[in-house]
Amino acid sequence: MLWRTASVGLIAGLLVVFPPCLAVAQSVNFSVSPAEVRISDLHPRQAAEFEVTIYNSGELARNFTFTTFQPPKERRRQGRDGFPEASWIRFSHPEIEVPANSQANVTVTVAIPPLHKWSNQDWEIWLGVAPESSDVLGVELWVRLLVSTGAGGLNVGLVAGIVTAAVLLISGACFYYRSGHKRRAK
Amino acid sequence: MRADIRGKMRVATVGVILAVMLGLVLCLPALAQDSGTITITMTGLNEISISLNRTDWPLGNVAWNTVYETSPPIEWCTLTVQGNCNVNTFIVGYDAIWIDNPDEYKWTLSNDGSNGEHTYGLWFRISHDTTRGPLGDGYVPITKTQSEFWPYSGGSGSSLSPGDSKKFGLRLLTPTFFYSGRDMRTQITISAVAA
């Protein structure tokens, strides 16, 4: 009885298939440049752009997709914090087809929101480039993106603006008061 | 009467000027944020690349609770570093999906290489790496969390340089129970970042 149950189980199990790939085994062959990008003095409210180039050295056209990845602390450059929000990074083409033995450029835009708390920060995030594939093994290449934000110009400007505005308002009030006083004296 | 009108006009004019100046002053901080020098450095014009000499593993029919290994077991695929920069490499696996209806049925990838009902295990082993892994036999579980391929914490190896290569193999442990008659597909991604 035990043998029969086991036999039935084995037969049922054998029906599951990991489909064999009929195509000849193909190697994955592409590269990405640059491997590392450093952006310095990017103030809150500013944006920076750079290009990432994909070289498809294979003999078939491939679709490549771009993603972002927050690496754990131990894999980041020393002194770097995680990038606060991946949505601050945009790709001109999140997916792009690159013909065989060709290259393609994708523009990456990094925009920092206008908040003082994002000043004077050192961040790291990885940009992933991977070809679409239905094979068991796939390859993904990461571009290290290191972003350093500059000093918080927002607060300095705001304070200067408020002080100037206050001086002008006081001057205006004094002028108005003196004009009224002169009129009353006449 | 005329002096009174002149006085009111003067006040109005001064008020308008003050308002305009106030507006300009308040705009200054915003304008200041869009100026300044941003430095973008592409480190050494580096090009990163790794290649795998094979990517398919046609298993065919599989049975419950059974181990399958690539052939040859630990030198089945060769990872070669190309480009012109040293790299650290990582590996991550995913759940196996039913090809006909991925949202309906899957095998969950375990986080320690073990198996269970509808749960399967994946392992890799790098050639000449005989003591790594939880069992000390060189085999390391592949999980859904990116983990080190080469180099790895606690190992003596260093980053891979252009021209370096690593041979490795895979091991699959099927679930103790799964629904039969369904074509399943899994994927493993090997990734690289500049060291």
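Strands, labelled E, are DSSP runs of at least two residues, numbered from the N terminus. The model shown in these views is predicted.

**View 1**

**View 2. Strand E2 of chain B and its two partners.** In strand E2 (residues 48-52) of chain B, four of the five residues are buried. E2(B) runs antiparallel to strand E5 (residues 77-83) of chain B, to which five bridges join it. Ile48(B) has Gly83(B) in E5(B) as its bridge partner. E2(B) is also joined by three bridges to strand E2 (residues 28-33) of chain A, again in antiparallel fashion. Here Ser51(B) of E2(B) stands opposite Asn29(A).

**View 3. The largest nonpolar core.** This core has 67 residues, and those touching the most other members are Val143(A), Ile48(B) and Val87(B). The most residues, seven, come from strand E11 (residues 137-148) of chain A.

**View 4. Surroundings of Val87(B).** Neighbours within four places in sequence are left out here. The remaining contacts of Val87(B) include Ile48(B), Ile50(B) and Val81(B). Val87(B) is also in contact with Ser159(B) and Leu160(B), and with Ala192(B), Val193(B), Ala194(B) and Ala195(B).

Technical notes:
Residues numbered from 1 in each chain as written. Chains lettered and ligands numbered in written order. Predicted model: local features only at pLDDT ≥ 70, side-chain atom pairs only at ≥ 80, totals over all residues. Core = buried A, V, L, I, M, F, W, Y, C linked by C-beta atoms within 7 Å. Buried ≥ 20, exposed ≤ 12 C-beta atoms within 10 Å, placed from the backbone. Contact = placed C-beta atoms within 7 Å. Pairing = 2+ DSSP bridges.
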